[in-house]
Amino acid sequence: METMIILLGFASVSGILGQTDMACKSLIFSKNYNFPAELTYEGGEFSKFTVCLRSCTNMTESVMFSMLSEARHDYFFIILGGGPDTNTGLIWVKGQRVDVNFPTDDTRPKRSICLSWDSPNAKMVLSVNGKITEKKEFEKRGIEYIDPRIFIGPGQIFLGGKPKLDVGEITDIHVWDRVLNPREVNDYYHNKKGKVGNIINWRALKYDGADGDFIIGPFQCNF
């Protein structure tokens with residue numbers, strides 16, 4: 001955990017800034033990366049949020065989404081790539097590791113994931129391809145996320161390692177400062193217009209990352 005936080009502390013020291021409509025595009029990370037990409041926003045505080053994104057399940061390496069607040073490892077989840085762990089997810093909530101499983105009967109080479117976290121009520125909901133797959137409750141210890149830093153990148157760098165292969169792609173990342181209801185999650189899965197995040201909006205993405213750590217290209221899995 002300490003290694004991960006130290007690495008992320010330098011993630012945007014020497015980087016590139018951009019803002020663009022990323023529709024039909026993806027962030028693609030190579031095995032030669034040094035840091036993840038930081039997704040930037042105007043800032044603020046919130047105690048609930050939902051993150052949604054899409055990925056290909058034939059990724060060769062894991063990709064991790066992370067939200068850090070006040071230099072604490074408050075929350076992140078990892079999407080594992082190919083091999084025996086392709087249907088396993090790893091989430092940290094309030095410093096507690098939580099293992100989750102993606103549906104094993106879904107063989108489509110793409111995955112739409114939404115994860116909601118209600119800190120005041122200590123409830124987490126994971127939805128895959130528009131359907132709720134897991135619900136979990138924790139001890140109530142409300143966390144206020146004050147100007148958190150949000151990162152996306154290869155999972156190994158968060159854990160202090162290096163990937164052996166090129167990393168798969170991630171697209172359509174949105175973050176809201178509230179918990180989406182099941183209908184809204186389903187709308188996101190079916191690409192309903194107007195379903196964009198108010199914290200992170202893929203259609204007007206601002207990002208910061210070291211030049212060469214990732215490229216922007218067309219997303220290979222069509223939803």
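## The sheet

Let's start with an open sheet of seven strands, whose order is E12-E11-E10-E5-E15-E2-E17 with antiparallel pairing. Strands here are DSSP runs of E with at least two residues, and helices are runs of H or I with at least four, both numbered from the N terminus; two strands pair if DSSP finds at least two bridges between them. Strand E12 (131-137) and strand E17 (214-218) stand at the edges with a single partner strand each, so one side of each has no neighbour in the sheet. From one strand to the next, the twist averages 25 degrees (axes are lines fitted to C-alpha atoms, and angles run from 0 to 180 degrees between N-to-C directions).

Strand E11 (residues 123-128) runs antiparallel to E12, and six bridges join the two. Leu126 stands opposite Glu134 in E12.

## About the model

This is a predicted model, in which local features need pLDDT of at least 70 and side-chain atom pairs count only at pLDDT 80 or more, while totals for chains, interfaces and linings use all residues. Residues are numbered from 1 along each chain as its sequence is written, and side-chain values use heavy atoms, with hydrogens and water left out.

## A look at Ser116

Ser116 is found in strand E10 (residues 111-118). Is Ser116 buried or exposed? Ser116 is buried, with a relative accessible area of 6% (buried means under 20%, exposed over 50% and partly exposed in between, using a 1.4 Å probe and protein chains only).

The side chains of Ser116 and Thr50 are joined by a polar contact of 2.8 Å. Such a contact is a pair of N or O atoms within 3.5 Å; within protein, one must be able to donate a hydrogen and the other to accept it, and residues adjacent in sequence count only if both atoms are side-chain atoms. Leaving aside residues up to four places away in sequence, Ser116 also touches others, including Phe49, Met124 and Leu180 (contact means heavy atoms within 4.5 Å).

## Salt bridges

The count comes to seven salt bridges, each a side-chain nitrogen of Lys or Arg within 4 Å of a carboxyl oxygen of Asp or Glu. Arg203 pairs with Asp21, the closest N and O atoms being 2.6 Å apart. Arg203 lies in the loop between helix H3 (182-189) and strand E16 (205-209), and Asp21 in the loop between strand E1 (16-20) and strand E2 (25-29), so the pair ties together parts 182 residues apart in sequence.

Glu134 also forms a salt bridge, with Lys136 (3.3 Å, N to O). Glu134 is buried at 16% relative accessible area, whereas Lys136 is partly exposed at 25%.
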